[in-house]
Amino acid sequence: MPLLGNNRINQIAFVVNDIEATSHAFAKLLGIPKPKWFLTAPHSISKAYFRGKPTNAQNKLVFMDTPSVQIELIEPNHEPSTMREFLEQGEGIHHIAFDVDHMQEKVNIMEKRGFSVIQSGEFTSSKGRYLYLDTAKTYKTMIELLEREEPQADVTNASTSSPLLGTNQVTQLAFVVKNLDQTADDFCTLLGVEKPAVIQSGDPATTQVVFRGQPTEAKAKFLFIQTPLIEIELIEPAEDSLSTWKEHLDTKGEGIHHIAFIVKKLDEKIEKLEKLGYPLIQRGDFWNQQGRYAYVDTRSDYKVIIELLEKLND
């Protein structure tokens with residue numbers, strides 16, 4: 001059984017400095033109208049506690065549904081909070097979220113495993129509550145639990161234009177890690193799934209990897225975990241060859257490296273993004289010759305690297 005009662009990762013949340021600008025960028029990416037943000041309630045309503053103490057933390061929030069996971073954007077005020085603490089280190093993906101029943105029961109399970117509560121509070125626009133667990137060391141990101149007393153509001157926005165990449169479905173969330181086997185064990189226990197096979201990076205003559213304009217073996221180990229809405233990829237880069245994964249591990253440490261979209265006409269999509277000011281970082285072929293990939297540096301607007309995947313059989 002999954003530790004939290006289900007293995008449905010239903011939200012990826014970004015902490016940002018300017019929610020207006022980031023909302024505009026994501027609306028263009030997804031092909032939807034720019035959503036309006038709302039402000040969470042003050043402590044008298046939110047009952048927000050950060051590291052065991054009441055806080056006047058408030059956030060501007062935007063929610064955008066996609067065919068897979070929901071994307072949340074958060075711009076925190078300057079009061080103490082996990083979001084403000086995160087933002088002091090830079091923008092990016094702050095957490096992934098699960099809906100749960102019987103939240104206190106799930107908290108007890110996680111606390112017995114050493115995951116303490118960092119922040120908790122009540123919803124502003126509906127009945128329910130949230131809390132964040134200190135899971136970054138084990139799962140390389142924070143986990144949020146959401147307990148709802150009424151159905152989640154539909155925040156789907158009808159498309160007004162074509163998505164930038166021809167699709168608005170986030171298919172993958174990828175982590176760079178130091179110990180793939182241990183991290184895989186931890187995730188499989190969390191999600192209640194069997195451990196998949198480890199995949200090696202493959203023959204360089206087949207993968208044809210180019211990193212920042214230079215050919216490289218880009219040696220690494222990979223493992224893919226399927227969940228109901230999104231695939232989790234774990235990547236352990238080798239120390240003796242250059243790659244975007246090794247660069248991330250060397251400069252930022254373990255954590256979320258990219259989100260991915262499956263696209264058609266990969267070369268056209270790369271050119272389109274480069275014309276918009278997003279440079280190509282790395283590209284290559286799948287180890288099994290069933291497709292190609294490219295990493296594009298979209299961090300300026302999207303706060304994470306975007307990977308484009310082109311599968312030859314699709």
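A residue counts as buried here when its relative accessible area is under 20%, as exposed when that area is over 50%, and as partly exposed in between. Keep those cut-offs in mind during the tour, which goes through a predicted model.

**Stop 1**

Select M110, which lies in helix 4 (residues 103–112). Its relative accessibility is 0%, under the 20% limit, so M110 counts as buried.

Step back to H102, in the loop between strand 7 (92–99) and helix 4. H102 is not a glycine, but its phi is positive, at about 55 degrees. With a relative accessible area of 54%, H102 is exposed.

**Stop 2: helix 6**

Select residues 180–191, which make up helix 6. How far apart are its end C-alpha atoms? They are 16 Å apart, and this agrees with the 16 Å that 12 residues should span at 1.5 Å a residue.

Next, colour the buried residues of helix 6: L180, T183, A184, F187, C188, L190 and L191. Their directions cover an arc of only 155 degrees around the axis, so they are on the same side of helix 6. An α-helix has 3.6 residues a turn, so residues three or four places apart point the same way.

At the start of helix 6, a side-chain oxygen of N179 comes to within 3.3 Å of the backbone nitrogen of D181. After helix 6 comes G192, with a positive phi near 70 degrees.

**Stop 3**

Show the strands of the 10-stranded open sheet, whose order is 12-15-16-11-17-20-19-18-13-14 and whose pairing is mixed. Strand 12 (199–200) and strand 14 (214–215) are the edge strands, each pairing on one side only.

Strand 12 and strand 15 run antiparallel and are joined by two bridges. To find one of the bridge partners, select Q200 and then K221 in strand 15.

Move on to strand 19 (residues 291–296), where five of the six residues are buried. On one side, five bridges join strand 19 to strand 18 (residues 280–285), and these two strands run antiparallel. G284 has Y293 in strand 19 as its bridge partner. The hairpin of strand 18 and strand 19 has five residues between the strands; among them, Q289 has a positive phi near 65 degrees.

Strand 19 also runs antiparallel to strand 20 (residues 305–311), with six bridges joining the two. Here V296 can be selected together with its bridge partner I306 in strand 20.

**Stop 4: D297**

From strand 19, go on to D297, in the loop between that strand and helix 10 (299–302). Is D297 buried or exposed? Its relative accessible area is 17%, so D297 is buried. Display the side chains of D297 and R299 to see a polar contact of 2.8 Å between them.

**Stop 5: Q208**

Select Q208, in the loop between helix 7 (204–207) and strand 13 (210–211). Q208 is another residue to check for backbone angles: its phi is positive, about 50 degrees, although Q208 is not a glycine. At 47% relative accessibility, Q208 counts as partly exposed.

**Stop 6: aromatic rings**

Show the aromatic side chains; the model has 11 aromatic pairs. Zoom in on F222 and W245, an edge-to-face pair with 5.2 Å between the centres and 85 degrees between the planes. This pair links distant parts of the chain, since F222 is in strand 15 (residues 220–226) and W245 is in helix 8 (residues 244–251), 23 residues apart. F222 is buried, with a relative accessible area of 9%. W245 is buried too, at 3%.

Then select F14, F26, Y278 and Y302, which ring pairs link into a cluster.

Finish with W37 and K60. The charged end of K60 sits over the ring of W37, 4.6 Å from the ring centre.

Technical notes
Residues are numbered from 1 along each chain as its sequence is written. This is a predicted model: local features need pLDDT of at least 70, side-chain atom pairs count only at pLDDT 80 or more; totals for chains, interfaces and linings use all residues. Side-chain values use heavy atoms; hydrogens and water are left out. Helices (H or I, at least four residues) and strands (E, at least two) are DSSP runs, numbered from the N terminus. The expected span of a helix is 1.5 Å times one less than its number of residues. Buried means under 20% relative accessible area, exposed over 50%, partly exposed in between (1.4 Å probe, protein chains only). The arc is that of the directions from the helix axis to the C-beta atoms. A polar contact is a pair of N or O atoms within 3.5 Å; within protein, one must be able to donate a hydrogen and the other to accept it, and residues adjacent in sequence count only if both atoms are side-chain atoms. Rings of Phe, Tyr and Trp (its six-membered ring) pair if their centres lie within 6.5 Å; planes under 30 degrees apart count as stacked, over 60 as edge-to-face and the rest as tilted. A charge sits over a ring if NZ of Lys or CZ of Arg is within 6 Å of the ring centre and within 35 degrees of the ring normal. Two strands pair if DSSP finds at least two bridges between them.
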